[in-house]
Amino acid sequence: MTLVQNVLLAAVVFCFFIGIGWLAVPDATATAWMGSAPVSFTGTWSVLPVSQSLVQVSLIMAAVSGLNFTAVSTSDATYRRTFVDPAFEEVEEALRVRHAYLTTGRDDTPGAPDNPDNMAENSTS
């Protein structure tokens, strides 16, 4: 669950910075800041109205935000109690059920008497 939340947060932050950069920083300003004109995408991605630099900076900011969220979510007791602990409990329960199933000694090989697929065959013989 936490991985999904981290990826979702990073994607939202990435989109946010792409949008803000596209709206707030015109090409003239980017050229003044970088000393050269921003490089546009080529090929299939050439239809995008953003520069490669904007995408790179947005990716870096999204990655840093995701790492920060990971650090906070693992160290914050309230967050762990609300989101992480229930997920761990679900996994533990699933593993307990699987262990109980495997320890029943059920034989799932074809032809075994307790295999549901062979119940009709075994009842007539």
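Two rings of Phe, Tyr or Trp count as a pair if their centres lie within 6.5 Å. I keep this cut-off at hand while reading the structure, which is a predicted model.

**Entry: aromatic pairs**

I searched the whole structure and found 1 aromatic pair. The partners are Phe-16 and Phe-17, whose ring centres are 5.5 Å apart. Their planes stand at 70°, and planes over 60 degrees apart count as edge-to-face, so I recorded the pair as edge-to-face. I then looked up the exposure of each partner. Phe-16 is partly exposed, at a relative accessible area of 48%. Phe-17 is also partly exposed, with 27% relative accessibility.

**Entry: helices α1 and α3**

I next examined how α1, residues 2–24, packs with α3. The angle is about 145°, and the axes lie 8 Å apart. I noted the crossing of α1 and α3 as right-handed. Among the residues of α1 that meet α3 are Leu-9, Val-13, Phe-17 and Trp-22. On the α3 side, the contact includes Leu-54, Leu-59, Ala-62 and Phe-69. Sorted by class, the contact of α1 with α3 has 13 nonpolar and 9 polar residues, and no charged ones.

**Entry: Ser-51**

Where does Ser-51 lie? I located Ser-51 in the loop between α2 (27–34) and α3 (52–75).

Notes: Residues numbered from 1 in each chain as written. Predicted model: local features only at pLDDT ≥ 70, side-chain atom pairs only at ≥ 80, totals over all residues. Heavy atoms only, no water. Helix = DSSP H or I, 4+ residues; strand = E, 2+ residues; numbered from the N terminus. Phe/Tyr/Trp six-rings, centres within 6.5 Å; stacked < 30°, edge-to-face > 60°. Buried < 20%, exposed > 50% of the residue type's maximum accessible area, 1.4 Å probe, protein only. Axes fitted to C-alpha atoms, helices over the stretch in contact; angles between N-to-C directions. Left-handed = near helix turned anticlockwise from the far one by under 90°. Contact = heavy atoms within 4.5 Å. Nonpolar A, V, L, I, M, F, W, Y, C, P; charged D, E, K, R; others polar.
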